Amino acid sequence: MLPFGTAIRDGYLPIVINMRFVGGDYMIICSVTCADNLHEAKMMARAVKYHMPYAWIVICLMERTIHPAAVNVPWFDEVVLAKDLEIPRFEGSIFKYSLLEAVTSIKPKFLSSLFERYPHEQNVIFMDTDIIAYAPFDD
């Protein structure tokens, strides 16, 4: 079993924010993706739920509407549209980026919105969709 903080894939690690594990507390694990990479988000969420069924998975989708492939996914607890994050001039600012840059650019606002919506949650982890959990993070 890999200790927490070990590089999982090509040197990439989840971004851990204000993480304190207290036995039995659930955690929020979040990611940003687009419809083209929903398959990766599903695999990431499935692995997380397998090892940490108490985790709350929140996916931010870079689409104008909820993509059908993101509906009724058993491993997603919540799907948020990036356009609903109250980013000023969202449409104009996002289209000046490539898709990868746009997904990266909304991460701070997405995390900020999670902290506002879940002010008492102490365990918030951002995972890129191409990261797979192989053990509980509190192990």
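Guide: Throughout this conversation, two residues are said to be in contact when they have heavy atoms within 4.5 Å. The structure under discussion is a predicted model.

Visitor: With that in mind, which residues does Val 80 touch, not counting residues up to four places away in sequence?

Guide: Val 80 is found in strand S4, and its relative accessible area of 11% is under 20%, so Val 80 counts as buried. The C-alpha atom of Val 80 is separated by 6.1 Å from that of Ile 59, a residue 21 positions away along the chain. Once residues up to four places away in sequence are set aside, Val 80 touches Val 58, Ile 59, Cys 60, Leu 61, Leu 85 and Arg 117.

Visitor: What pattern does the protein chain follow when read along the sequence?

Guide: The secondary structure of the protein chain comes to four helices and five strands. Taken in sequence order, these elements follow the pattern β-β-α-β-β-α-α-α-β.

Visitor: Which element of the protein chain has the highest mean pLDDT?

Guide: Across the protein chain the pLDDT averages 80, and 81% of the residues score at least 70. Over residues 1-24 the pLDDT is below 50, although this stretch has 41 contacts in the model beyond near neighbours in sequence. Among the elements, the lowest mean, 41, belongs to strand S1 (residues 15-17), while the highest, 96, belongs to helix H1 (residues 38-51).

Visitor: What percentage of the contacts in the protein chain with a separation of 6 or more is made by residues 24 or more positions apart?

Guide: The protein chain has 139 residues, of which 42% are buried. Among the contacts with a separation of 6 or more, the share accounted for by residues 24 or more positions apart is 68%.

Visitor: Is Ile 28 buried or exposed?

Guide: Ile 28 has its place in strand S2, and its C-alpha atom is separated by 7.1 Å from that of Val 58, which is 30 residues away along the chain. Leaving aside neighbours within four places in sequence, Ile 28 is in contact with Trp 56, Val 58, Leu 114, Tyr 118, Glu 121, Asn 123, Val 124 and Ile 125. Its relative accessible area is 0%, and because the cut-off is under 20%, Ile 28 counts as buried.

Visitor: The side chains of Glu 78 and which residue are joined by a polar contact of 2.5 Å?

Guide: Glu 78 lies in strand S4, and with a relative accessible area of 16% Glu 78 is buried. Residues up to four places away in sequence not being counted, Glu 78 touches Trp 56, Ile 57, Val 58, Ile 59, Arg 117 and Tyr 118. The polar contact of 2.5 Å joins the side chain of Glu 78 to that of Tyr 118.

Visitor: Turning to the backbone, about what phi does Asn 72 have?

Guide: Most residues other than glycine have a negative phi. Asn 72 is found in the loop between strand S3 (56-61) and S4, where its relative accessibility of 74% is over 50%, so Asn 72 counts as exposed. Although Asn 72 is not a glycine, its phi is positive, at about 60°.

Visitor: In which loop is the place of Glu 86?

Guide: Glu 86 is a residue other than glycine with a positive phi, near 60°. Its relative accessible area is 67%, and Glu 86 is exposed. The place of Glu 86 is in the loop between S4 and helix H2 (90-94).

Visitor: Which element gives the most to the lining of the largest pocket?

Guide: About 310 Å³ of space lies in the largest pocket, and of the 16 residues that line this pocket, the closest to its centre are Asn 37, Leu 100, Val 103, Asp 128 and Thr 129. By class, the lining has seven nonpolar, five polar and four charged residues. Strand S2 (28-33) and helix H3 (99-105) each supply at least two lining residues. The element that gives the most, with four residues, is H3.

Methods
Residues are numbered from 1 along each chain as its sequence is written. Side-chain values use heavy atoms; hydrogens and water are left out. On a 1 Å grid over the protein atoms alone, a cavity is a set of points where a 1.4 Å probe fits but cannot get out, and a pocket is an open set with protein on both sides within 12 Å along at least five of seven lines; lining residues have an atom within 4 Å of a point. Grid points are joined across faces, edges and corners, and a volume is the space filled by probe spheres set on the points. Ala, Val, Leu, Ile, Met, Phe, Trp, Tyr, Cys and Pro count as nonpolar, Asp, Glu, Lys and Arg as charged, and the others, Gly among them, as polar. pLDDT is the predictor's confidence in each residue, from 0 to 100. Buried means under 20% relative accessible area, exposed over 50%, partly exposed in between (1.4 Å probe, protein chains only). A polar contact is a pair of N or O atoms within 3.5 Å; within protein, one must be able to donate a hydrogen and the other to accept it, and residues adjacent in sequence count only if both atoms are side-chain atoms.
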